[in-house]
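Thanks for making time this morning. I would like to walk you through one structure slowly, so please have the sequence open beside the model as I talk.

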Amino acid sequence: RKALAKMNLRAGRKASSNASFVTAVVYFKSGRELLGRSWEVDPDTMLQLCSEEANARFIANDDLETMNALINEVMDQPIPLRDKFKVYEVKVKSALGAGNLHECLDTA
């Protein structure tokens, strides 16, 4: 399962690099499901899957509620702040895109 989750991560990144963000979301979500949505199985891969999926959902403007849930999931993990950078970046871009400057400044 871990190997398949990592393959989904690579495939999602490849799709993102080709601007196929909706396809990337499918791969990242599948990777998370393969890990049982559990951070204990492979925390590093789960971090990358959640962060990349949140970013792909933002760019594709796809299910922003799930994007925010993924951001919050990463932010709630007991991991170093530097590992949370990508989701903070997505959160700031999302708030900025929504015209919510106060939230943008609070996050930054």
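Predicted model: local features only at pLDDT ≥ 70, side-chain atom pairs only at ≥ 80, totals over all residues.

**Helix H1 and what covers it**

Let me start with H1, where Ala5, Asn8, Leu9, Gly12, Ala15 and Ser16 are buried. If you look down the axis of H1, these buried residues fall within an arc of 130°, so they line one face of the helix.

H1 itself runs over residues 2–17, which makes 16 residues, and it reaches 23 Å from its first C-alpha to its last, close to the 22 Å expected at 1.5 Å a residue. What, then, covers the buried residues of H1? The cover includes helix H2, residues 21–34, and helix H3, residues 43–60. After H1 comes Ala19, and its phi is positive, near 60°.

**The chain as a whole**

Of its 108 residues, 39% are buried. If we take the contacts in the chain with a separation of 6 or more, 44% of them are accounted for by residues 24 or more positions apart. The chain exposes about 6200 Å², and carbon and sulfur atoms supply 53% of that area.

**Helix H2**

Moving on to H2, its 14 residues should span 20 Å at 1.5 Å a residue, and its end C-alpha atoms are 20 Å apart, which agrees. Just after H2, Gly36 takes a positive phi of about 70°.

**Charged residues and salt bridges**

How many salt bridges does a search of the whole structure find? The search finds 6, and I will take a few of them in turn.

One is between the side chains of Lys6 and Asp42, at 3.8 Å from N to O. Lys6 lies in helix H1 and Asp42 in the loop between H2 and H3, so the pair ties together parts that are 36 residues apart in sequence. The two partners can be set side by side: Lys6 is partly exposed, with a relative accessible area of 38%, whereas Asp42 counts as buried, at 10% relative accessibility.

Another is formed by Arg32 with Glu53, where the closest N and O atoms are 2.6 Å apart. Here Arg32 lies in helix H2 and Glu53 in helix H3, so this pair ties together parts that are 21 residues apart in sequence. Arg32 and Glu53 are both buried.

Glu53 also forms a salt bridge with Arg57, with the closest N and O atoms 2.9 Å apart. Arg57 and Glu53 are 4 residues apart in helix H3, and are thus separated by about one helical turn. Arg57 is buried as well. Putting these together, Arg32, Glu53, Arg57 and Asp63 are linked in a network of salt bridges.

Staying in helix H3, I would point you to Glu52. Is Glu52 buried or exposed? Its relative accessibility is 13%, and since the cut-off for buried is under 20%, Glu52 counts as buried. Leaving aside residues up to four places away in sequence, Glu52 touches Leu9, Arg13, Phe28 and Lys86.

Finally, Asp83 lies in the loop between H4 and helix H5, residues 85–97, and counts as partly exposed, at 31% relative accessibility. Asp83 and Ser51 are 32 residues apart in sequence, and in space their C-alpha atoms are 9.6 Å apart.

That is where I will stop, and I am glad to go back to any part of the model.

Terms used
Residues numbered from 1 in each chain as written. Heavy atoms only, no water. Helix = DSSP H or I, 4+ residues; strand = E, 2+ residues; numbered from the N terminus. Expected span 1.5 Å × (residues − 1). Buried < 20%, exposed > 50% of the residue type's maximum accessible area, 1.4 Å probe, protein only. Arc of directions from axis to C-beta. Contact = heavy atoms within 4.5 Å. Areas by Shrake-Rupley, 256 points an atom, 1.4 Å probe, with all protein chains shown as cover. Salt bridge = Lys/Arg side-chain N within 4 Å of Asp/Glu carboxyl O.
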